[in-house]
Amino acid sequence: MDSRSVSNFELKAINAWDKRNFRRGIKSLFLEYCSNSTVHGVKYFGCKRRTLFEKIWWIATFLLSVYGCSRLIQNIYRKWDQTPVIVSFAEKSTPVWQIPFPAVTICPETKALSQYINFTEVYSQMNETYRAEMDDETFDRLRALAQICDSHILRDVPLNQTTDPNVVDLLRNVSMPLEKALFFCRWRRTPGLCTDHFSETITNEGICFTFNSLSAGEMLRVDKLHNDYEYISEKREAPLWSLENGYSENTDMDTYPERVLGAGARAGLYILLNLYEHDTDFICRGPVQGFKILLHPSSEFPQVSKQYYRVPLHQEVIISVKPQMITTSDGLRDYTPEGRQCFFNHERYLRFFKVYTQQNCEMECNTNYTLHKCGCVKFSMMRDNLTDVCGASMIDCYNEAEDELLEEDVKYMVNKTRDFRARCNCLPACTSIQYDAEISQADLDWKSLFAAYRTPLDDEPGVQFARLTIYFKEAQFITSKRSELYGLTDFLANCGGLLGLFMGVSLLSLAELFYFCTIRPFTILRMLRVKRRESNAIFPPPIEVKSKEF
């Protein structure tokens with residue numbers, strides 16, 4: 001159609017609206033759009049040279065194209081909405097000096113020194129009449145140890161204790177001190193006292209010792225916690241490191257948390273562990289004597305009972321560490337946490353932790369559920385001044401609460417509103433580190449070693465040694481990275497490709513449709529007003545003269 005036909009459509013529309021025939025005016029506007037549209041096939045809708053059959057065929061073909069294009073765009077949108085993130089390997093490997101050496105938490109299996117309480121002897125004499133013969137101090141220590149011994153040991157014994165605010169003090173008084181349990185340490189080829197590297201930590205295994213952990217002030221919200229005892233006794237601070245940003249550029253090698261320059265045992269941690277034979281107890285913790293070892297990030301509170309490695313007595317254990325690190329690209333910061341499936345530290349507030357990690361969040365979730373079910377929490381759980389510490393009579397309650405919380409996801413798979421664990425919303429942290437390990441083990445003939453050095457151990461009767469070495473296996477490792485798999489640009493590009501393939505539609509075609517639906521009608525109305533004004537100027541309306549009545 002030529003320009004004259006366009007003018008005819010415009011004049012027809014103006015005349016139709018001038019005569020209050022809106023239906024005909026809209027039809028003229030539609031025909032004008034058809035004659036000028038860049039969308040394929042639309043120009044045949046209003047062409048007078050086409051028969052009715054041809055018009056119906058083109059309309060049907062156009063609608064089929066619209067349907068097919070819409071279905072494919074729907075699939076693209078679903079992919080963009082549900083799977084926008086991909087986890088892939090980073091372009092470059094990461095040297096181990098860019099991350100902290102793993103925090104190492106060591107928990108002795110000997111929970112009490114025999115000079116304070118002989119758990120085996122007390123257990124063997126336990127009967128209905130024995131309580132009357134037991135002094136209160138021994139009975140209090142027994143109830144405190146019941147919370148870190150195997151839970152079935154004293155299940156049928158009436159301990160009569162709902163809350164126990166002094167349990168940590170009792171455990172600390174009877175446990176093996178750090179300087180006795182950790183006999184000798186060497187860090188990066190420099191020998192020294194273990195007390196210079198390790199600090200006491202209150203865990204679900206009782207009194208443990210941690211290397212390379214953040215201080216309580218940097219990991220925990222100390223102002224929200226009670227004042228009865230400290231969970232972490234580490235005082236060294238880490239102002240030049242954070243989990244999301246790593247070490248600052250101006251950080252030297254002597255910073256905290258500790259790090260190493262390379263791989264191998266010479267650049268790692270060496271510990272000589274010790275338990276005394278006369279303190280050995282096989283009732284409280286079972287037949288395997290030695291230590292439990294947990295490797296975890298410096299910003300994560302240790303939960304030793306969940307996952308650990310064993311270091312038996314008279315054995316040497318070598319742990320070769322392989323870091324697994326996941327980072328998140330800055331392009332995903334504008335996504336919702338549910339979309340990228342992770343939280344940045346500022347996005348997820350924890351009541352008792354300053355640093356968000358999935359383990360810290362799950363620990364707080366377990367604490368809240370235990371408080372909800374039992375009315376108290378275990379001594380190793382974070383709490384405020386208004387929350388009670390569970391006593392020995394509540395051991396089954398808080399153990400069952402932990403098991404029930406794990407069942408919530410399966411139990412309420414359909415109705416997530418009742419799922420307490422789902423409401424905790426403990427997604428992974430957007431930057432996370434975990435330390436996988438390869439372990440080798442051999443017999444440790446420490447008696448022959450000391451005899452060869454002609455070093456008597458008369459001052460330490462009954463010692464039983466084990467040796468632990470921890471180091472990075474390789475000097476570099478491959479980091480995984482969350483990045484944008486399908487962004488807004490990709491979505492628009494694919495939509496544009498489908499629209500062009502099926503209908504010949506571009507962005508200007510959409511602008512053209514918007515123009516004919518909005519701007520063009522108002523333009524025609526304006527021209528109609530101009531036409532009326534000009535006609536009134538040339539042919540003024542007649543003046544009506546009213547006759548006077550006599």
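**A helix pair up close**

Author: H11 passes H12 in a right-handed crossing. A crossing is right-handed if the near helix is turned clockwise from the far one by less than a right angle, and left-handed if anticlockwise. This is a predicted model, where local features need pLDDT of at least 70, side-chain atom pairs count only at pLDDT 80 or more, and totals for chains, interfaces and linings use all residues. Residues are numbered from 1 along each chain as its sequence is written, and side-chain values use heavy atoms, with hydrogens and water left out.

Two packed helices are described by the angle between their axes and the distance between the axes. Helix H11 covers residues 358–374, and helix H12 covers residues 395–411. Helices (H or I, at least four residues) and strands (E, at least two) are DSSP runs, numbered from the N terminus. The H11 and H12 axes lie 9 Å apart, at an angle of about 120°. Axes are lines fitted to C-alpha atoms, for helices over the stretch in contact, and angles run from 0 to 180 degrees between N-to-C directions. H11 and H12 are therefore oblique to each other. Angles under 35 degrees count as roughly parallel, over 145 as roughly antiparallel, 65 to 115 as roughly perpendicular and the rest as oblique.

Which residues meet? From H11 come Cys365, Asn366, Tyr369, Thr370, Lys373 and Cys374. From H12 come Cys397, Tyr398, Ala401, Glu402, Glu404, Leu405 and Glu408. Contact means heavy atoms within 4.5 Å. By class, the contact of H11 with H12 has seven nonpolar, two polar and four charged residues. Here Ala, Val, Leu, Ile, Met, Phe, Trp, Tyr, Cys and Pro count as nonpolar, Asp, Glu, Lys and Arg as charged, and the others, Gly among them, as polar.

Now step back to the loop between helix H10 (337–340) and H11. Threonine 357 sits in that loop. At 5% relative accessibility, threonine 357 counts as buried (under 20% relative accessible area; exposed is over 50%, partly exposed in between, with a 1.4 Å probe and protein chains only). Its side chain reaches the backbone nitrogen of asparagine 360 at 3.1 Å. Leaving aside neighbours within four places in sequence, threonine 357 touches Leu243, Ser299, Glu300 and Ala429.

One more helix pair is worth a look. Helix H6 (residues 136–146) and helix H7 (residues 167–174) have axes that come within 9 Å and cross at roughly 100°. That makes H6 roughly perpendicular to H7.

Technical notes
Polar contact = N/O pair within 3.5 Å; in protein donor to acceptor, adjacent residues only side chain to side chain.
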